[in-house]
Amino acid sequence: MNYIDMHAHMVSRTTDDYHAMALSGCLAVTEPAFWSGRDRLGPEAFADYFDHLTTFEPARAREYGIAHYAWLCLNPKEGEDRELTRQVLKIIPEFLQRPTVLGIGEIGLNRVTRNEMATFLDHVELALEHHQLIHIHTPHLEDKYKGTRVMVEALAADTRIEPGRVMIDHAEEHTAELILSHGFWTGITLYPKTKASPARAIDMIELYGSERLIVASACDWGPSQPLAVPEFIFEARRRGHDEATIRKIVLDNPQRFLGQSPKFVPPSARRPWPGDRVLVHGAHLTYCTNIHPASGMDGVRRSLDEYTVPLRAQFSPDKPFGVGLRLSGEESAELLRGTALADFRAFLDERGLYVFTLNGFPYGPFHGQAVKAQVHAPDWRDPERVAYTLRLVDILAALLPEGQEGSISTSPLSYAAWVDAEDPQTWAVLTENVIQVIEALVRLREASGVFIHLDMEPEPDGLLQRSADLAAFYQDHLLRRGARLLAERLGTDEERARAHLRDHFQACFDVCHVAVMYEDPAGALALYRDAGMQIGKIQLSSALRLPLPDDAQEREALAAALAPFAEGTYLHQVVARTRDGSLKQYPDLPPALADIHHPDVTEWRVHFHVPVFLEQAGAFGSTQAALLGTLDLLRPELAGRHLEVETYTWDVLPPNSSGRWASPSRVSWSGCAMSSSAARQPGRLRGHLSLARISNSPTVVTNALAGAALVGGSGGQALPAALGMTLFYTAGMYLNDLLDLEIDRRERPERPLPSGLIAPAEAWAVTGLLFAAGFALLLLAGGRAPLGGVVLAALIVLYDVWHKTNPLSPVVMGATRALVYLTAALAVTATPGVGVIVWALLLAAYTAGLTYVAKTEGRPQKPQGWAARYWPVALVVAPVAYALLGGFAWPVWLAALVLAAWTVHSLGFVYGPHRNIGASVGKMIAGMCLLDATVLAAAGAWAWLPVAYAAFLLTLWWQQHIKGT
């Protein structure tokens with residue numbers, strides 16, 4: 001259903017949110033001016049903000065087919081400042097002329113003070129003067145009724161105000177009647193914590209009716225949901241409200257209110273969607289219905305009505321929505337009796353659904369009872385597996401839209417433990433049975449033009465568990481014995497039979513399974529290409545990923561947290577990676593948990609399908625990076641492909657994992673939206689930023705500023721050197737990943753290079769360009785900076801080439817940072833002096849200490865003496881000790897104490913009860929800016945201190961998005 005979000009602070013949201021809102025049917029948003037999280041300091045800041053709301057945001061929304069409108073004001077949180085109010089009100093009229101501004105808002109009260117009320121009335125006066133609509137914010141919590149009543153009475157007393165041109169937002173049960181009774185429009189905010197839930201909003205609608213009532217998300221930078229309106233639509237349908245009433249609230253009412261502004265252009269209620277169906281770069285995107293418990297065709301139809309039809313209303317309101325249908329053996333037989341298949345197709349057509357892929361892997365019941373290894377039964381040795389698959393061929397051929405290619409995914413031949421893989425007769429039977437289905441597919445295509453392929457899906461502990469296993473079966477069995485059999489059956493030659501096999505036998509690329517087996521997606525795809533196989537279906541799925549800590553107690557706690565995932569329905573195979581890179585497999589989670597303390601194991605991957613939009617699954621990580629990397633690899637060739645989100649374990653997720661989601665339909669919808677976004681949006685920029693460790697770059701800039709300040713240099717002298725050495729540092733980060741590529745393939749396959757997100761050749765080119773550009777900037781800096789730069793570049797390369805086996809690599813890393821000080825100083829003077837050298841050595845000590853700590857990550861903790869355990873502390877605290885004891889003035893002491901406090905906090909993650917080396921290293925890297933601030937204070941460069949502290953905060957903020965290592 002189409003809708004308008006009347007209240008959305010999109011300036012605080014990502015383009016992914018626009019994308020998801022567009023997919024869910026959003027036609028327009030209106031964005032009231034709001035508080036940015038801190039008070040703006042003057043009218044200039046407001047002017048910049050208003051300009052952003054009226055230029056950048058409309059352009060951003062337009063990319064997704066969404067109309068964007070704005071409301072302007074000084075927010076109630078800032079209304080206490082009367083002088084600022086007067087200044088801001090003077091600049092608003094010039095922005096009111098812009099084509100997307102609808103009025104004044106969101107004005108109102110925060111703490112219901114006299115100044116706030118005066119500011120509110122000033123805004124009302126401005127709206128009346130310029131004949132603008134008014135959008136009003138009501139206070140939170142205990143002040144809500146009082147504040148609402150004060151504003152309603154003031155507005156009602158002003159005879160110039162037309163109530164129908166005013167919307168009072170954030171209404172709740174105790175204020176809605178007051179607002180409505182005075183003739184104003186009433187807004188209900190679907191905000192998770194401080195406003196109303198969809199269920200409460202519907203309660204109010206049932207109490208007060210739908211006249212002059214609107215719901216909106218008010219999504220912002222806090223805990224909020226940009227898809228709150230579609231969730232409201234879903235809840236309203238669930239509670240039995242008719243479509244006309246729902247449409248009135250989410251579309252007609254907003255259009256009636258906003259239509260009073262001549263600038264508002266009512267969007268079409270039914271706009272054309274790019275393509276004929278739900279397509280992402282030409283690929284068909286859906287989710288697999290094996291997430292829904294269903295028994296018999298009546299159960300299948302009920303689940304489609306309950307889950308898939310509402311999902312289609314959100315994800316594809318104006319186009320047919322594809323279905324990845326799962327049918328059991330019994331359901332496939334039932335569907336082929338009498339008119340059942342024709343009736344089912346009519347059922348789908350009436351609901352705007354079409355089937356383009358079937359999941360033919362699980363044959364029997366799939367929910368509510370133990371499935372485990374029986375998911376493979378009957379296997380491909382059994383004639384019933386052949387008969388079941390042939391029934392699915394008949395069903396899909398009848399359901400496919402004209403001209404649509406179809407796919408059927410199937411099991412990896414058998415469960416490995418059931419089969420003697422050394423028995424040639426077993427492979428002969430498996431090959432013959434697969435060829436029976438391929439023959440039927442070829443004949444179907446030749447007779448009717450309907451093209452369907454059988455897509456085999458490797459799975460951990462299956463007879464074919466890796467991509468290489470499937471490729472080998474294809475090459476060694478199907479293209480040899482299988483081609484001969486198929487040629488005999490079809491009466492053709494073997495070359496033609498092999499061509500049929502290439503078309504009709506393809507791979508089902510389940511990203512979860514690939515990741516669990518520690519396969520590199522790029523390598524797996526290349527392997528299939530080399531074998532001459534096509535990818536018929538891509539199952540978008542994600543598994544649990546758990547790096548195992550060294551500490552025994554932490555492992556015990558991890559096992560306890562993971563225990564609820566060891567449920568009795570499905571197999572959750574565990575593949576463990578050991579310190580030497582070899583793999584150890586467990587058939588299910590319980591035996592793995594019993595071996596949690598295995599000393600050689602460093603990581604687990606668990607075959608437990610978790611929602612694909614989660615990077616973290618509760619306390620655990622996921623293999624989402626492999627999914628995103630796969631989509632990025634396939635983006636140039638997605639046209640015509642089948643993409644299917646698969647999260648069948650929804651109903652066995654532990655409560656703390658699944659409880660936050662409203663329904664399995666919601667999981668599937670979010671998965672489709674995330675996958676669609678990932679397939680559409682380039683991930684390469686983030687890949688390059690990750691290679692660059694861009695979050696650490698501010699520390700190089702402050703290093704250079706400190707080095708220049710120690711010899712009295714100016715900002716103009718320091719800037720070219722700072723930028724040049726930042727490029728050197730970035731080049732070193734690229735080079736580090738390039739030289740560690742083979743190690744990362746085993747230990748960090750989610751990194752941009754082993755995942756295939758960035759090609760090594762491209763990374764080499766960037767590395768060379770960065771070194772060249774950095775040296776050019778050092779030439780521009782002048783003095784002897786280029787000489788220092790040559791030595792610095794040499795040390796960076798030395799560290800990257802030799803750091804894995806070099807016990808002195810922390811010293812080399814410390815020397816590189818010391819050279820930043822010295823090179824910056826050489827841009828100013830040819831003789832840096834003792835002061836620069838002393839501080840450079842102290843920076844080297846700090847860096848060497850944190851580098852040593854970083855090198856212990858992932859290593860087992862061995863019993864050590866006090867000196868052996870704590871000597872890195874002496875290096876890290878050396879700058880603090882010198883600043884406090886070196887005879888400096890008190891301002892230097894203050895800066896040193898800030899550094900000391902942060903250093904103690906950072907080292908707590910190394911020597912405290914909850915060891916987290918990665919967190920400690922990131923914090924100590926950011927702490928370099930605090931060290932530089934101490935140096936700047938010692939040099940008397942007071943003007944640059946704010947830069948160092950801002951760089952510290954920027955580094956911490958950036959590390960939340962791009963990991964700092």
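The accessible surface of the protein chain comes to about 36500 Å², and carbon and sulfur atoms account for 58% of that surface. Accessible areas come from the Shrake-Rupley method with a 1.4 Å probe, and for residues only the protein chains shown count as cover. What you see is a predicted model, in which local features need pLDDT of at least 70 and side-chain atom pairs count only at pLDDT 80 or more, while totals for chains, interfaces and linings use all residues. Residues are numbered from 1 along each chain as its sequence is written, and side-chain values use heavy atoms, with hydrogens and water left out.

Let us turn to the chain as a whole. Of its 965 residues, 59% count as buried. Buried means under 20% relative accessible area, exposed means over 50%, and partly exposed lies in between, again with a 1.4 Å probe and protein chains only. The C-alpha trace spans about 90 × 80 × 50 Å along its principal axes.

The protein chain holds 35 helices and 23 strands. These are DSSP runs numbered from the N terminus: helices are H or I with at least four residues, strands are E with at least two. Among contacts between residues at least 6 apart in sequence, 78% join residues at least 24 apart; a contact means heavy atoms within 4.5 Å.

Which residues form a nonpolar patch on the surface? They are Leu739, Trp764, Val797, Leu798, Val801 and Trp802, with about 560 Å² of accessible area together. Patches are made of residues with over 30% relative accessible area and no salt bridge; like charges are joined within 9 Å, and nonpolar side chains (Val, Leu, Ile, Met, Phe, Trp, Tyr) within 5 Å. Helix α29, residues 785-802, gives the largest share of the patch, 4 residues. Val797 lies in helix α29, and Val797 counts as partly exposed because its relative accessibility is 35%. Other residues of α29 are buried, among them Leu792, Leu795, Ile796 and Tyr799. Helix α29 has 18 residues and reaches 26 Å from its first C-alpha to its last, close to the 26 Å expected at 1.5 Å a residue. The expected span is 1.5 Å times one less than the number of residues.

Finally, the salt bridges. A salt bridge is a side-chain nitrogen of Lys or Arg within 4 Å of a carboxyl oxygen of Asp or Glu, and by this rule there are 34. In one of them, Arg82 pairs with Asp122, the closest N and O atoms being 2.8 Å apart. This pair links distant parts of the chain, with Arg82 in helix α3 (residues 82-96) and Asp122 in helix α4 (residues 114-129), 40 residues apart. Arg82 is buried at 17% relative accessible area, whereas Asp122 is partly exposed at 28%.

Also in helix α3, Arg86 and Glu83 lie 3 residues apart, about one turn of the helix, and their side chains meet in a salt bridge of 3.5 Å, N to O. Elsewhere, Glu603 and Arg605 form a salt bridge of 2.9 Å. Glu603 is buried at 4% relative accessible area, and Arg605 is buried at 4%. Arg545, Arg577, Glu603 and Arg605 are linked in a network of salt bridges.
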